[in-house]
Each structure stands twice: as structure tokens, then as C-alpha cells.
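Subject: A structure for you to look at

Hi,

Here is the structure I promised to pass on. Please open it first, and then read my notes below alongside it.

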Amino acid sequence: MLFRQVVFYALLVGVLSGLALTVVQSFQVVPIILAAEEFEGAVVEAEATVIPALQSAGHHAATEEEVWAPANGWERTAFTMLSNSLTAMAFALILMAAMLASFSLKAGEKSLKAWWYGLAWGVAGYVAFWLAPAIGLPPEIPLQATAPLEHRQLWWVFAVICTVGGLAGLAFGQTPWRWIYPVFLIVPHLVGAPHPEGLMFPDQVPVVAAELEKLAQQFIGATAIANGILWLVIGVTAAWSVKRIVVALKAESSPGTGMEVPSV
Amino acid sequence: MQSQIASATQPAKQSLALTRPLQLVGVALLGVIILYGAGFVNIAAVHNAAHDTRHSQGFPCH
């Protein structure tokens, strides 16, 4: 069954690329998060000594006190690896569904044999699920001032859907309508991501805020690289999986039944 | 006889052609659900577990 096969391979892709991401992150992304959290701890202590009531207003730090969170160290790394693998598996499921669906189109079927097949899909995933949302909402470090969560999540989804539509159209669209697809890519950025007014780190003294702004800049570069590697691994391993699935499909379906199966 | 066999196998062919696109929709939907769980659910414990993933993959966080 196609569904079971794709899920099995996506699990494999997810674990593999989740592991790769966790290793890359632990060198350049996580240290920046931890460095920012050190300032967070300082804020909580200062608030506690001055006005305890303020603590409940500080969203992040105060809620973490009450609710379970993985302890720093191996436990936190393990949960990060688990959630990295889950998001990677989710991305692989979406990517492989798109790859297999594209076989019903001439361009999708023809490119399967090309050496760049996995790379191209990986780059598309990177652009749609990381780069496009990151242009409007660059990955943030803790303590950074942000617009309401729901607004940002909504814009994220909007940006991803528009970019997926635009890229799909550019790759597979019919010629008379091709001019419209780049418009899809631009629309989310014309609408604009939600951003808060004022300072980037409003609760900090200027010296600390300057330090955090530097960290925030580094963080964008670090995540750009980490996610690039993630999508490279997802693209290449998902393409390998799809080729294997296609071989299996060919073996099980006699000619003329069901979906057209391209040759590998 | 020939046509009888043909008509008997016809529905099977059709359903196979239909179920594959449906299965792909299922696959993509499962991906979206997992993505929602890991990247979007606003439950504090889930948020804390996936905290570093959300930050580094650019999901909107807290």
C-alpha cells in the first residue's frame, strides 16, 4: 500500500535528518539560545528581588517555572532531537506526497532521473518552509519582543502556502498563466509579517540589549545554515525513498492499471 | 465471456486509480498534522519540549 510505504520511508528520512540537524544545531544554534537564556535568568532574579508581582507578567520565564520542561543537558537535547525528527518527518511526508503527485505531470515524471532531483526538491522545501517565512519573521532568540503569537503563526502559514503555490506553478504551471506565479511568491511580503512596535529587547538595559541584538543577528545566520543542511538531507533522502517506492509500485501494478508509474 | 471479465475488473481498476491520489492526500495531511503538533500547538509542556526546534526552524514561538 502506497500510504504505508511513504510513511515508513518518511519515518526513516525524519530520524536521519533530525539526527543530522541536532548535531549541526548543537554546535552553532543551541549555544546562542542558551546564551540568550542566561540573560533571561538575570531578568527573573532582578524582578523577583524588586517586585515579585512582575514575575507573572514576564511570559516565558514565569510559565516555565510552573510547567514541566526538559532539564538542561541530555534531556533537553533528547527532546530537541525528538521534535527535530518529528518536524523533519512531517516535511518528508509533505515533500514525498508532492514528488509522487508530480508524476502525473510530464515535467515531474521526466526529472526523476536527473542527478539534481533530490537537491531541487530540497531547495524548494528550504525556500517554502524556511526562507520565505524567515524573510518576514526571522528566527528569534528568547527575550525578543514579538507580535502576538497567533498573528505570527497565521502569517507563517500564509507565507508557506503562497510560496508553495508559487514554486509549484513555476515548476509545473501552464505557460499562459506563468506570469502569475512570481506574484504568489511576493504577496506575503507585500502584506507584511506582524511586528511589534518599539525596541527589539524592551525589557533590557541598553548594554544587554546591544549584546542580545548581536546574538539575534548571529542566530539568523546559524539557523540559515542549519536549516539548509536539514533540507539538503531531507531532499536527497526523500528522492532516494521515492525512487524505491516507484520501483515497488512498478512491480506490484500491471501495465494500464491505476496511476501512471514512471520508469526509473 | 470476454466482456464479462472486462466489466468485472473495471471497478477494481478505477478504485486503484482513485485510491492512490487519495493516499497521497492522506500522506500530506499526516505531515501537516505532525507539523502542527511539533511546531504550533500552544500547550506549555509541548512548547517547552520542542522549544529549541521551534526557535531554530523559524516557527513562531512564545
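In chain A, helix 7 passes helix 8 in a left-handed crossing. Do keep in mind that this is a predicted model.

How do the two helices run relative to each other? Their axes come within 7 Å and cross at roughly 165 degrees. Angles over 145 degrees count as roughly antiparallel, so helix 7 of chain A is roughly antiparallel to helix 8 of chain A.

To find the contact on your screen, look on helix 7 of chain A for residues including A:Phe158, A:Cys162 and A:Gly166; on helix 8 of chain A, the residues they meet include A:Tyr181, A:Phe184 and A:Leu185. By class, this helix 7 to helix 8 contact has ten nonpolar, four polar and no charged residues.

Helix 7 of chain A also passes a simple length check: at 1.5 Å a residue, its 24 residues should span 34 Å, and its end C-alpha atoms are 34 Å apart, which agrees. Among its buried residues are A:Arg152, A:Trp155, A:Trp156 and A:Leu167. The buried residues of helix 7 pack against helix 6 and helix 8 of chain A.

**Where the chains touch**

The contact between the chains takes 46 residues from chain A and 32 residues from chain B. Several elements of chain A give two or more residues to its side, including helix 1, helix 6 and helix 7. Which helix gives the most? That is helix 4 of chain A, with 14 residues. The chain A side divides into 30 nonpolar, 13 polar and three charged residues.

Happy exploring!

Technical notes. Residues are numbered from 1 along each chain as its sequence is written. Chains are lettered from A and ligands numbered from 1 in the order in which they are written. This is a predicted model: local features need pLDDT of at least 70, side-chain atom pairs count only at pLDDT 80 or more; totals for chains, interfaces and linings use all residues. Two residues are in contact if their C-beta atoms, placed from the backbone, lie within 7 Å. Helices (H or I, at least four residues) and strands (E, at least two) are DSSP runs, numbered from the N terminus. Ala, Val, Leu, Ile, Met, Phe, Trp, Tyr, Cys and Pro count as nonpolar, Asp, Glu, Lys and Arg as charged, and the others, Gly among them, as polar. The expected span of a helix is 1.5 Å times one less than its number of residues. A residue is buried if 20 or more other C-beta atoms lie within 10 Å of its own, exposed if 12 or fewer, and partly exposed in between; C-beta atoms are placed from the backbone. Axes are lines fitted to C-alpha atoms, for helices over the stretch in contact, and angles run from 0 to 180 degrees between N-to-C directions. Angles under 35 degrees count as roughly parallel, over 145 as roughly antiparallel, 65 to 115 as roughly perpendicular and the rest as oblique. A crossing is left-handed if the near helix is turned anticlockwise from the far one by less than a right angle, and right-handed if clockwise.
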